[in-house]
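Trainee: I would like to go through how the two parts of this chain meet. Can we take it one question at a time?

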Amino acid sequence: MKIARFQAEGEISFGILDSAEDGRGIELVELAGDPLVAGFDTTGRRLRLEDVRLLAPVLPRSKVVCVGKNYADHVEEMRGVTGGDAPQEPLLFLKPNTSVIGPGEAVVLPAISERVEHEGELAMVIGAIAKDVPEEDALKFVFGFTCANDVSARDLQIKDGQWARAKGFDTFCPLGPVIETDPDLDDARIVTRVNGKVRQEGRTSQLIHSLARIVSYASQAFTLLPGDVILTGTPAGVGPLVSGDTVEVEIEGIGILRNPVR
Ligand code: MG
């Protein structure tokens with residue numbers, strides 16, 4: 001099931017994607033409330049996808065947790081940039097929820113950075129309060145999955161040592177276009193394109209630390225709340241974004257997250 005958050009006629013709603021009743025295109029079946037708290041009751045209203053504006057499918061209630069260096073080929077390309085070997089345990093950092101934007105919204109390049117880079121990533125959306133959850137139960141706390149871009153001011157990341165500023169600018173966490181509640185992620189392709197050209201390509205089977213391990217590990221440190229988001233790391237091929245670019249993160253079975261850069 002694919003769930004979108006959208007704006008239509010000035011109102012914000014959630015909906016489930018469905019084939020149009022006339023057989024042409026996609027429609028949204030409007031939900032009565034936020035599915036994270038209100039379940040999947042529908043209002044009966046159907047809207048055509050082209051008549052709405054998609055928003056970030058979730059607004060993280062408290063935090064975006066991120067995992068660094070979780071694909072071996074990306075660890076190699078960063079060896080001389082932010083250092084070292086693949087971490088034995090997941091390397092966690094946070095992005096503020098003010099960094100989140102939706103599909104189609106612009107990534108705004110900060111004046112104080114000279115090198116902003118894309119990092120296409122698979123994101124998990126937490127569905128239930130999770131604290132100290134064992135790995136074998138961890139995925140039960142995940143509501144669904146979406147595409148994310150862990151936009152990073154690489155020069156500030158190197159300069160600061162700490163990553164909070166470099167990863168935390170407003171607009172540096174595009175999410176969307178939808179939450180897929182039941183994707184097949186054993187070996188899904190994840191691709192990042194800039195202006196249509198492939199920059200990053202990987203498969204979820206290449207994750208060093210598994211999705212379940214990441215949720216379990218993060219929940220040892222933080223209470224994860226419904227609506228919190230976890231970014232799971234990026235494959236090799238990170239590179240610069242400049243004004244006028246269009247960056248896309250596509251994950252097989254979920255969709256394409258597309259954002260302009262200015
Ligand atoms: Mg990243």
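Trainee: How much area do domain 1 and domain 2 bury between them?

Mentor: This is a predicted model, and the value is computed from it. The size of an interface is often given as the accessible area lost when the parts come together. Of the area buried here, 68% is on carbon and sulfur atoms. For domain 1 and domain 2 the figure is about 860 Å².

Trainee: Which residues in domain 1 lose the most area to domain 2?

Mentor: Three residues together make up 66% of what the domain 1 side buries. They are Lys2, Ile3 and Leu36.

Trainee: Where are the bounds of the domains, and how many residues does each give to the contact?

Mentor: The domain assignment gives 2-54 for domain 1 and 64-260 for domain 2. The contact takes nine residues from domain 1 and, from domain 2, 14 residues.

Trainee: Which residue forms a salt bridge with lysine 2?

Mentor: The count between the two domains is one salt bridge. In the bridge of lysine 2, the closest N and O atoms are 3.0 Å apart. The cut-off for such a pair is 4 Å, so this one qualifies. The partner is glutamate 180.

Trainee: Which element gives the most to the side of domain 1 that touches domain 2?

Mentor: The elements giving two or more residues to that side are strand 1 (2-8), helix 1 (35-38) and strand 5 (53-55). The side divides into seven nonpolar, no polar and two charged residues. With three residues, the element that gives the most is strand 1.

Conventions. Residues numbered from 1 in each chain as written. Predicted model: local features only at pLDDT ≥ 70, side-chain atom pairs only at ≥ 80, totals over all residues. Heavy atoms only, no water. Domains from an automatic or database assignment. Contact = heavy atoms within 4.5 Å. Buried area = accessible area lost by both parts, 1.4 Å probe. Salt bridge = Lys/Arg side-chain N within 4 Å of Asp/Glu carboxyl O. Helix = DSSP H or I, 4+ residues; strand = E, 2+ residues; numbered from the N terminus. Nonpolar A, V, L, I, M, F, W, Y, C, P; charged D, E, K, R; others polar.
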